Amino acid sequence: MIFQSESRKGIRRAALITVMLVLFMFLLLAASIPASVMVKPASLPTVEVPEALLVTNANVVDVRAGTILPGRHILVEQGKVSRISEDHPGGGVPEIDINGAFVAPGLVDMHVHVHDRKDLVTNLAYGVTAVRNLRGFPAHLRWRQELRDHDWLGATLFVSSPVLDGPKYAHALQQVVNNPDHARFLVNHYQQSGYDLLKVYGYLAPDVYEAVMDQASLIGMPVAKHGPYSPTEEPFKWLETVQSLEHVEDILQEPLNRQFDTDALRDYVEEIRKIRPYITPTLATFDHLTQLSTDKQAFVDRIPLQQLNPFFKWLYGMASVERWLQAGSEHAERNTQELDFLKHIARSLSDNGIPLLIGSDAGTMYMTAGISTHIEMQLMQDAGISDEKIIRYATLNAARAMQLDHEYGAVEPGRWADFIITAENPLDNIRNLQKPLSVVKRGQFIDRKSLDELLELADNPAGFYIGMGILLEDIVTRWWTDLVA
Ligand SMILES: [Zn+2]
């Protein structure tokens with residue numbers, strides 16, 4: 001009997017090793033043939049940037065002053081605004097008369113997870129002309145290059161490194177950082193690989209966290225920091241150097257110890273206003289999980305699920321959506337209360353002059369691109385933040401946080417001609433931005449009919465195995481990086 005059970009154990013072990021070997025071979029294969037796995041779908045929209053374009057009779061939204069500049073003519077050359085004037089500049093440039101429609105800078109979503117090229121098409125259809133992706137895969141670097149090469153039309157993509165985290169809580173989607181030397185190696189490595197910034201989680205060991213922040217600051221690599229707390233004894237140390245802090249939920253979790261404690265919040269805000277870092281509240285993601293837990297399947301039925309890459313839809317369905325759908329009524333009630341308090345935190349930060357950013361966390365938990373950005377802005381409005389501020393957060397603040405305000409964030413000469421054009425004034429109500437009349441991407445004028453066509457294209461993301469290939473490539477690449485470190 002003993003022998004038999006030992007032999008069964010042996011068979012099981014052999015089977016396990018075989019499965020692991022097959023998986024390993026599959027991972028290697030996936031990494032070695034990215035070009036064929038990541039084949040570009042034929043149905044991507046094309047770039048047609050005119051040499052010059054004159055947009056006439058525009059009400060330009062001045063996001064800096066919070067005012068409208070009426071009756072302006074906007075001259076665009078080589079994708080950038082070259083002149084804005086009250087007089088018609090003449091010169092035989094092709095013209096589009098927008099008859100007093102409102103021209104605001106394109107919106108920037110500073111916290112998304114892009115899983116498919118089509119996500120960037122959907123963003124554009126909603127007037128989100130740039131996004132910052134906060135869990136970088138090697139595929140994102142290729143997509144960013146394709147966009148730069150004008151291979152297809154989509155929102156501009158900024159890409160963070162993989163998420164850097166400590167071994168205790170890290171999962172397969174994150175990069176474990178083991179010690180300070182490893183930290184310094186990875187910071188250099190991700191800069192050299194072409195990532196725009198680092199994404200840093202809060203569960204790093206104190207000395208590892210110090211090494212990440214120190215090296216990033218030494219080589220000028222920006223950092224988006226998940227969680228306002230610090231693994232070190234000094235919670236506010238290093239915050240002067242970050243590009244942004246992500247999630248007000250983390251303020252509730254750490255400095256407030258999950259209590260709806262307005263006194264503790266006041267103390268926290270008092271400290272953080274000395275530093276004034278950019279903060280991305282990401283209310284939309286909490287609103288989304290709250291609705292999953294309260295309205296369940298009825299809420300899921302309202303989501304345009306066909307826009308999601310099927311592999312990532314499956315992954316998030318398993319990893320998080322299911323959990324919220326199973327939540328009991330007590331848990332759902334707690335989520336509703338928490339959402340209210342998170343809005344209160346966002347409002348307090350805004351009232352105290354902390355520069356906020358618009359970031360939806362789209363891509364997680366069935367949150368679709370583009371509309372999630374508008375939902376984030378709407379939740380800020382529900383929190384009592386003024387429309388004027390919200391539109392500034394979504395444009396100028398994003399550009400300033402990335403130190404790119406000479407190129408993005410305003411309808412002004414010298415900046416990219418990325419516009420969202422609406423019939424009604426967005427300064428009166430930011431909800432007026434939700435269905436644009438047209439969008440301009442680097443001078444390419446996309447009218448309503450064409451925006452609807454972009455949305456139709458977005459209903460056909462790449463397939464399940466392409467999505468899986470993107471993730472496997474990331475896992476194998478990180479594994480390889482650690483092997484040669
Ligand atoms: Zn996120």
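Mentor: Start with a term: domain bounds come from an automatic or database domain assignment. For the protein chain, that assignment gives domain 1 (2–46 + 465–484) and domain 2 (106–410). Also, this is a predicted model, where local features need pLDDT of at least 70, side-chain atom pairs count only at pLDDT 80 or more, and totals for chains, interfaces and linings use all residues. Residues are numbered from 1 along each chain as its sequence is written.

Trainee: How many residues of domain 1 are in contact with domain 2?

Mentor: 13 residues of domain 1 are in contact with 17 residues of domain 2. Contact means that C-beta atoms, placed from the backbone, lie within 7 Å.

Trainee: New topic. At what angle do α13 and α14 pack?

Mentor: About 145 degrees, with the axes of α13 (residues 371–382) and α14 (residues 387–401) 10 Å apart. Axes are lines fitted to C-alpha atoms, for helices over the stretch in contact, and angles run from 0 to 180 degrees between N-to-C directions. Helices are DSSP runs of H or I with at least four residues, strands are runs of E with at least two, and both are numbered from the N terminus.

Trainee: Which residues make the contact?

Mentor: Met377, Met380 and Gln381 from α13, and Asp387, Ile390 and Ala394 from α14.

Trainee: What about leucine 427, buried or exposed?

Mentor: Leucine 427 is buried, because 21 other C-beta atoms lie within 10 Å. The cut-offs: buried is 20 or more other C-beta atoms within 10 Å of the residue's own, exposed is 12 or fewer, partly exposed is in between, with C-beta atoms placed from the backbone.

Trainee: Where does leucine 427 lie, and what does it touch?

Mentor: Leucine 427 lies in the loop between β14 (419–422) and β15 (438–441). Leaving out residues up to four places away in sequence, leucine 427 touches Val61, Gly66, Ile68, Asp387, Glu388 and Ile391. Asp387 also belongs to the α13 contact of α14.

Terms used
Contact = placed C-beta atoms within 7 Å.
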